[in-house]
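The sequence and structure are shown first.

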Amino acid sequence: MSNQSPEEIRADIEATRRELGQDVDALADKVTPSKIVDRQKNKIRGAFTNVRESVMGAADDVGSSVHDAGESAASGVQHAGQTIARKAKGNPLAAGLVAFGAGLLVASLIPASDKERELAAKVEEKAQPLVDQAKDVAREVGENLKEPAREAVDSVKTTAQDAAQNVAGEAKASGQAVADQTKDSVEATKNEVTSDSSTGSSY
């Protein structure tokens, strides 16, 4: 037997009825096709929102990284420009060469247009006979210069040999002269010593 009063039992029954009603409503909500479609739409919408936020967050990160790198590069270029300008003040030739190099670099980075390619092909086609002719002339000049070059080398070689022989002859003659002078000096010294010893003079 229960110790509850009839009012308390009625209240418990009402509470249980409400809970059962809520559960039935929740079950009905879960199995209703329109509610299922709505939930699936919300799930997909949430997934797209997450992906978009991820991409936008990554894009923001990349954008800020690129922005930071761009600021760093701009600062470096600005400082490089100031440094170049400072160094070029005293040397206009170097400044001109740097400007020429920068122009070449920029020109090499810009792709050629169709018209430029077409004109280059025409110029190359028309210049090819001149190039061939220049190659032939250079080959002839090279062949014609071989013999004079060989003769010049032989002449230098002969001159060097003659000079070496002259130097050797002069060295030999000088050596002989020094030897003769030494011999004469020795003889003179011997004679002095002999005459001094025969006269009995002493120092």
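A salt bridge is a side-chain nitrogen of Lys or Arg within 4 Å of a carboxyl oxygen of Asp or Glu. In this predicted model, the side chains of Asp114 and Arg117 meet that description, with N and O 3.0 Å apart. The two residues are three positions apart in helix H4, about one turn of the helix.

**Fold and surface**

The chain contains four helices and zero strands, in the order α-α-α-α along the sequence. Of its 203 residues, 0% count as buried. The accessible surface amounts to about 17,500 Å², with 61% of it belonging to carbon and sulfur atoms. On this surface, Val137, Val141 and Leu145 form a nonpolar patch with about 250 Å² of accessible area together. Leu145 is located in helix H4, which covers residues 114–199.

**Salt bridges**

The whole structure holds five salt bridges, including those in the table.

| Pair | N to O distance |
|---|---|
| Glu14 and Arg17 | 3.1 Å |
| Asp114 and Arg117 | 3.0 Å |
| Arg150 and Glu147 | 3.1 Å |

Glu14 and Arg17 are three residues apart in helix H1 (residues 6–31), and so about one helical turn separates them. Arg150 and Glu147 have a spacing of three residues in helix H4, again about one turn.

Arg150 is partly exposed at 48%, as is Glu147 at 39%.

Definitions and conventions. Residues are numbered from 1 along each chain as its sequence is written. This is a predicted model: local features need pLDDT of at least 70, side-chain atom pairs count only at pLDDT 80 or more; totals for chains, interfaces and linings use all residues. Side-chain values use heavy atoms; hydrogens and water are left out. Patches are made of residues with over 30% relative accessible area and no salt bridge: like charges are joined within 9 Å, nonpolar side chains (Val, Leu, Ile, Met, Phe, Trp, Tyr) within 5 Å. Accessible areas come from the Shrake-Rupley method with a 1.4 Å probe; for residues, only the protein chains shown count as cover. Buried means under 20% relative accessible area, exposed over 50%, partly exposed in between (1.4 Å probe, protein chains only).
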